[in-house]
Amino acid sequence: MKSRRFVLTFSPEATGEPITYNLIKKFDIMVNIIRADVSPGKIGHLVMEMTAPAKVLKEGMEYIRQNNVECEPIDRKISYLKEKCIHCGACSAVCFAGALTMNPSTAELSFDPEKCVICELCLKSCPLSLFTIDIS
Ligand code: SF4
Ligand code: SF4
């Protein structure tokens with residue numbers, strides 16, 4: 001058995017198949033949804049962990065992609081030079097996943113890696129180029 005995290009990106013043209021239901025019922029994959037931001041007719045994101053033998057995980061990924069849904073394993077991680085941050089908030093403004101937020105009481109930046117969907121928008125937004133992406 002292998003557990004891997006994936007980011008699924010749903011285009012408005014996605015087929016509307018009950019993908020997570022079918023992954024469980026048809027492929028016998030254990031699915032743990034970590035974050036969901038999906039609305040009909042809009043681009044949506046789902047972060048989830050799938051657990052199954054490696055061959056079945058591959059079949060599950062193929063099934064997802066056949067339904068016009070992007071499926072990328074999370075084997076990268078975002079980090080930033082916290083000590084150099086000037087808390088300008090530019091990165092939190094583009095982080096739709098809510099991983100980067102400004103603390104309203106301290107006006108300081110917080111980062112929750114569990115919410116990160118590796119969209120890389122923060123890399124381009126930081127005026128000091130404090131973000132890097134690491135391959136695990
Ligand atoms: S890559 Fe950056 S902007 Fe995208 S979700 Fe992660 S922290 Fe937020
Ligand atoms: S954009 Fe860069 S400097 Fe501004 S809050 Fe984010 S990490 Fe800090």
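Let me start with a word we need: a residue is near a molecule if one of its heavy atoms lies within 4 Å of it. By that rule, ligand 1 is surrounded by Ile 78, Cys 95, Ala 97, Ala 99, Leu 100, Phe 111, Cys 116, Val 117, Ile 118, Cys 119, Glu 120 and Cys 122.

Before going on, please keep in mind that this is a predicted model, where local features need pLDDT of at least 70, side-chain atom pairs count only at pLDDT 80 or more, and totals for chains, interfaces and linings use all residues. Residues are numbered from 1 along each chain as its sequence is written, chains are lettered from A and ligands numbered from 1 in the order in which they are written, and side-chain values use heavy atoms, without hydrogens and water.

Back to the ligands. What classes of residue make up the shell around ligand 1? There are 11 nonpolar, no polar and one charged; here Ala, Val, Leu, Ile, Met, Phe, Trp, Tyr, Cys and Pro count as nonpolar, Asp, Glu, Lys and Arg as charged, and the others, Gly among them, as polar. Around ligand 2 we find 13 residues, the closest being Cys 85, Cys 88, Gly 89, Cys 91 and Cys 126. Its shell has 11 nonpolar, two polar and no charged residues.

Now, the domains. An automatic or database assignment gives domain 1 (2-73) and domain 2 (76-135). Seven residues from domain 1 and six from domain 2 make the contact, meaning heavy atoms within 4.5 Å. Between the domains, the count is one salt bridge, that is, a side-chain nitrogen of Lys or Arg within 4 Å of a carboxyl oxygen of Asp or Glu.
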